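I opened my notebook to look up a few things in this model. Here is what I wrote down, entry by entry.

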Amino acid sequence: MTRVIAHLSDLHFGRVDRNTLDPLVSAIDDLRPDVIAVSGDLTQRARREEFREARAFLDRLPGPRVVVPGNHDVPLHNPYSRFVSKWARFREYIHAETEQSYSDDAMVVIGINTARALTWKGGRISFGQMESVRQCFCSATSGALKVLVVHHPIDVPWDWSKANQVLRARRALAQWSDCGVDLILAGHAHQAFAGGASEALRIGSHRAVIVQAGTATSTRGRGEPNSFNVIRVTARAIEVMRQTWNHEQHRFVQTHEDEFSR
């Protein structure tokens, strides 16, 4: 059975291009995805008003969602908020849990929080997270698609900065190798990419498909237009289609397509 995932990232409410919001909602409505994955940085500076706007936007989207925070969703300037109550606003406005999941008879989607208060930009996977993901994926129904949603990239192309890559990536994939992770969805870099995990991170014969989303709505595009991903999964293939903002047409249009065998 076919499953469709809409993959958004780096919304950055507080620094959004408002022209993209209504067309993005319309595009996702038309897709009727089985699940929406939002891989972090919903806000620019984790202010209450930014979280309120992010919540209002998410409420306009259809279907179930798996939403994880990013490093921008930790308050920056208030030491108490940053180190003691760092996820209080995310939990108040977005979801009671910073690590959510979704499953049906064909796939399991797990979100983990890689953002940390002690680092301004980087991310890390804890040993507890490694074990939790391993248990979930190992107990999944045979043949189910196993999807991980994180903010910081597990792997990056050779020409991207390694500073964006999450710490303990190789160790995490080794921990999950018995069960296999089919698809890893991330953001953070504001650059879009789809490809197999590099040889440096390949564990045994299994190679996860890495999908990076650009920023869906932020004005901080870092040289790329706003975009989001549509992922269509069948029994035999994973198709990743990038939907890119077109200013002239005032809508998102497909600009790239990659296909990977399962």
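Before listing any lining, I noted the terms: a cavity is a set of grid points where a 1.4 Å probe fits but cannot get out, and a residue lines it if it has an atom within 4 Å of a point. I also noted that this is a predicted model.

I counted two cavities of 30 Å³ or more. Which residues line the second largest cavity? I found Ala 192, Phe 193, Ala 194, Val 211, Gln 212, Asn 229, Val 240, Arg 242, His 256 and Asp 258. Two or more of the lining residues come from each of strand 8 (193-196), strand 9 (209-212), strand 11 (237-246) and strand 12 (251-261). I put the volume of this second largest cavity at about 50 Å³. Sorted by class, its lining has five nonpolar, three polar and two charged residues.

Next I turned to the largest pocket, with a volume of about 170 Å³. Its lining draws at least two residues from each of strand 4 (101-103), strand 5 (107-111) and helix 5 (127-138). Among the lining residues I noted Glu 99, Tyr 102, Val 108, Ile 110, Ser 132 and Cys 136. By class I recorded six nonpolar, five polar and one charged residues for this lining.

I found Lys 146 in strand 6 (residues 145-149). Is Lys 146 buried or exposed? Its relative accessibility is 12%, and the cut-off for buried is under 20%, so Lys 146 counts as buried.

Where does its side chain go? I saw that the side chain reaches the backbone oxygen of Cys 179 at 2.6 Å. Gly 180 is 34 residues from Lys 146 in sequence, yet their C-alpha atoms are 7.4 Å apart.

**Entry 4, aromatic rings.** My search of the whole structure gave four aromatic pairs. One of them, Phe 228 with Phe 252, is edge-to-face, at 5.4 Å centre to centre and 75 degrees between the planes. This pair links distant parts of the chain, with Phe 228 in strand 10 (residues 227-233) and Phe 252 in strand 12, 24 residues apart. Phe 252 also pairs with Trp 245, tilted this time, at 5.2 Å and 55 degrees. I noted that Phe 228 and Phe 252 are both buried, and that Trp 245 is buried too. Together, Phe 228, Trp 245 and Phe 252 form one aromatic cluster.

Note on methods. Residues numbered from 1 in each chain as written. Predicted model: local features only at pLDDT ≥ 70, side-chain atom pairs only at ≥ 80, totals over all residues. Heavy atoms only, no water. Helix = DSSP H or I, 4+ residues; strand = E, 2+ residues; numbered from the N terminus. Buried < 20%, exposed > 50% of the residue type's maximum accessible area, 1.4 Å probe, protein only. Polar contact = N/O pair within 3.5 Å; in protein donor to acceptor, adjacent residues only side chain to side chain. 1 Å grid on protein atoms, 1.4 Å probe; cavity = no way out; pocket = protein on both sides within 12 Å on 5 of 7 lines; lining within 4 Å. Points joined across faces, edges and corners; volume = space filled by probe spheres on them. Nonpolar A, V, L, I, M, F, W, Y, C, P; charged D, E, K, R; others polar. Phe/Tyr/Trp six-rings, centres within 6.5 Å; stacked < 30°, edge-to-face > 60°.
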